[in-house]
Amino acid sequence: MSLALSLATESLIARPSGALFWPERQLLCVSDLHLGKSERLARRAGALLPPYETRETLLRLEAEIEATGARSVICLGDSFDDAASLDGLDEADRLWLTRLIAGRDWIWIAGNHDAGPLEIAGSHRAEVLLGGLVFRHIAEPGAQGEVSGHYHPKARLAGKVWRCFLADRARLILPAFGTYTGGLWCHDPALTGLLQPGALAILCGGAVARAIPMPRRA
Amino acid sequence: MDTLPPALSQWFTEKGWSLHPHQWDMLARARDPATLLIAPTGGGKTLAGFLPTLAELTATPAKGLHTLYISPLKALAADIRRNLRTPIEGANLPIRVEDRTGDTTYTQRRRQRADPPHILLTTPESLALLLSYEDAPRIFAGLQRVILDELHALAESKRGDQMTLLLARLQSLSPGLRRVGLSATVEDPPALARFLAPDTGILLADPGPPPDIQMLETDTPPPWAGGGGRYAMVAILEQVKQHRTTLIFHNTRAQAELFFRDLWLANTEDLPIGIHHGSLSREQRERVEAAMVAGQLRAIVCTGSLDLGIDWGDVDLVIQVGAPKNVKRLVQRIGRANHRYNAPSKALLLPANRFEVVECKAALDAVRDGTLDGEPRGPGPRDVLCQHILLTACSGPFDAGQLYAEVITAGPYAALTRPAFDATLDFVATGGYALRAYDRWQRLKQTGGLWHLRDPRAAAVIRQNLGTIIDIETLKVRLKNRFGGTPLGEVEESFAATLTPGDTFLIGGQVVRYEGLREMTVEVTNQPGRDPKVAVFNGTKFATSTLLTQRILDIFQQERWSDLPAHTAQWLSLQREVSRLPDAETLLCESFPHDGREHLVVYGFAGRNAQQTLGLLLTKAMEEAGLAPLGFVATDYATLIWGIDAVEDAAPLFDLHALQDGLETWLAGNAVMKRTFRASAIIAGLIERSHQGRRKSGRQATFSSDILYDTLRKYDPDHLLLQITREEAMRGLIDFSRIEDLLARVSGRIETRRLPRLSPLSAPLFLEPGRIPVQGAGRERLAEDAARRLMEAAGLA
């Protein structure tokens, strides 16, 4: 069950998957996919993690696109774990991604992990203005109607850790959508300094997206 | 026969010392390839182990490493160094002894590699590290003897499995190496002998007189539930006054803390009493150890950190607070009292609650009957082998066939097949993933027939992650002040996460107030006089042995309990009155509301692991029946499940076929399997340990092992690490056969008693640590309620 919210007079839907949907524009927004993370670690002589997370992330992304019937998709940055990750993608995964992009208005926003230009279909932008909203990777102080990612916020409720959206009157921060992604506690100063008093944390990962007051201390 | 060098012999004579028969025997067997010495505490085991070394080095002085001594505890290595110094310096023997542990300085470790001492005292982890260096062949080439102290303790864990692999490695580097194992009394000496080496001679020392051991009965009866034995403070202080030095053992650190605080409140005569456990800072522990050795303390409140053979001087009484859980450990603890060989050890058991009165009674009977408990260990786990292969690769290129031949000389790995070994090697090299291995980025590569690290820089990371002990993540606790603050100890991260500023807890016997978290350090202030919020930080959790469990069930069958204290007999009678006592023929379940939740207790007496499996399978059945379970906790006797809805009749939940069907699907996603997976994934080198330093950098680089587990289950269900996880779980954590036995035994006689409130017998279960949450509909309902309350409180709903 999704949760409706409004930002800069636009009506948005926070989905339990951690994706954001904008019904008026048929637009789906996801953040921090970190595709190719396990490959990047292996390349750097790190751990050999199970190399299935790209497939898992794409599977969930495809399910979201189908469920919402989205015609536009915005990936809010850090879509790839680094500039070489795109080349490192499995051929099947690469084709799958191309298939998802085909026929849709697809926008890649640059993140700190994938700042350079990427050789993949879709348009590549630093940020995007649509209606009353601005989409960028890292939130900027004083912004209005801003949708961003980057922080991978998470919160604890009822003895469990949840990925979460953070929302106040001025901005919305999306949780990480990628499979192998850690998180930053809501009560981290980086987040408490950014969001106004009265901000909400919208917990996802379960069957329902549910709002709680943003936890501001451990 | 006298094979002692004259200098040493003369020194012994001057001191008026004479050797025990088993110490002579060890000298006589000095040339044997492997010897296991089993002797009681205080029997001079360690000296017996070292005598041949002292004799050989005196007779034929040589340069280089002669003897390696390995103990499970760092402190033990330092202690032995001090003890060895006495005869070596006394008899002026030309022998250099050094220790090498995690605490040894970098410069000294460098020097030890360049110029090894005659005798090196170390731990399995430090030895693993030493063997991972390229110069290991040079260091160990001339090694003559290896002495494994406290072998009974090592053999019970993966540290022991790793140790046997390291021994195999040492034997290859120095083929003439002779092995000596030193052990306290064990139930199956031949099994321990096989663990040490294929052809091990066993030497049994005189076990000494039976111990003087009793239950400490007090005027105040023990409480209905709870741990710590604080009700008996006066009686214990009285015992402390009557003895020179008393060791007061506790089963958990938290209990030791609470007890220590109350002991000081009652200690009106200001008797010098200290506390020692693994959560205290090293400085604090060392201070207590020094005071103890100097004979300045009358009593020391301690946990398993004092279990192993460090010589604490003149202890003449051991008090075990709380049921001992395991007869073997009890016997070993009792041995700590009275270090004079052939004098009986004196010990008192203090049951912490009434259930433990029964447990203590069962343990006393078992000690008097001379029965020891122990579960045989299965074959060597392959996660440890993964780490061993990585370690071998760090030290230099290796041939797979040669390494395999070496590995199967280690006792626990004797039955390892070549295909199983090759699969393990493949996992280490490529990740072992079915569909897409990291061909380009594999960790190990084969060049000219030999395996080696693809990237030599990886060696540093591998070395950092050596070892088989998986720590629970802890945070340091410091007093908050302008000067950085005194370190007090550590608490579990999960405990720290539950604290809010103003909360109070106990550490090092002080009540402190939580002020906040700063750079991964818990800052506290002194708050004397306030009641502490109980510290739940980690302590070793012991499982009661099968032997004791059976004896307890037998005691329940008695018609009357005239051999038990009156209060306990009354308690059991009360249980019989309001519900009934469990027996072997019927499976008793109790269902009752308590503290706003519904509870179901299943008295299976099937052992902790089977009871835990039962908890997992039953909660799954309850989830399907819409009973919204929230979690459970298992002990050796019972499983306690809590949830939102009441269970009126538990019998339908016990359909064996449904349980069996449930087992496979259940393996998919439960917390116990994930916990097992995490430990194996760290040991096998799939994920790195999180280091204090790295965690400082806000954005965590650690991966959720739960997500890795789920991903592997989904895409690569036959992956080696999942096989290892299943083997691990089947061996220990699942124990499904005990459940089958149980259900066959009761054959449908499952009785559910619906009670208005918790029963006398169930009360102790509410204090068990290790609660396991169930992530299901019940949890969602709770989250829903919690979210609504928070929104209402914030005026947002």
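Me: In this predicted model, which residue of β9(A) is the bridge partner of V128(A)?

Reply: Strands of a sheet pair through backbone hydrogen bonds, either parallel or antiparallel. Here the partner of V128(A) in β9(A) is F135(A), and the two strands concerned, β8 (residues 127-130) and β9 (residues 133-136) of chain A, are antiparallel and joined over four bridges.

Me: How many residues lie between β8(A) and β9(A) in their hairpin?

Reply: Two residues separate the strands of this hairpin, and in the turn G131(A) has a positive phi of about 55°.

Me: Which strands pair in the parallel sense, and in what order do they lie in the open sheet of chain B?

Reply: The sheet of chain B has seven strands with parallel pairing, in the order β3-β4-β2-β5-β6-β1-β7. Because β3 (97-100) and β7 (201-204) of chain B each have a single partner strand, they stand at the edges, and one side of each is left without a neighbour in the sheet. From one strand to the next, the twist averages 20°. Within this order, β2 (residues 67-70) and β4 (residues 119-122) of chain B run parallel and are joined by four bridges, with T67(B) opposite I119(B).

Me: What does the secondary structure of chain A come to, and why is chain A called as compact as a globular protein of its length?

Reply: Chain A comes to five helices and 16 strands. Its radius of gyration is 16 Å, close to the 17 Å that the globule rule gives for 218 residues, so chain A is as compact as a globular protein of that length. Of these 218 residues, 50% count as buried.

Technical notes. Residues numbered from 1 in each chain as written. Chains lettered and ligands numbered in written order. Predicted model: local features only at pLDDT ≥ 70, side-chain atom pairs only at ≥ 80, totals over all residues. Rg over C-alpha atoms; globule rule 2.2 N^0.38 Å. Buried ≥ 20, exposed ≤ 12 C-beta atoms within 10 Å, placed from the backbone. Pairing = 2+ DSSP bridges. Axes fitted to C-alpha atoms, helices over the stretch in contact; angles between N-to-C directions.
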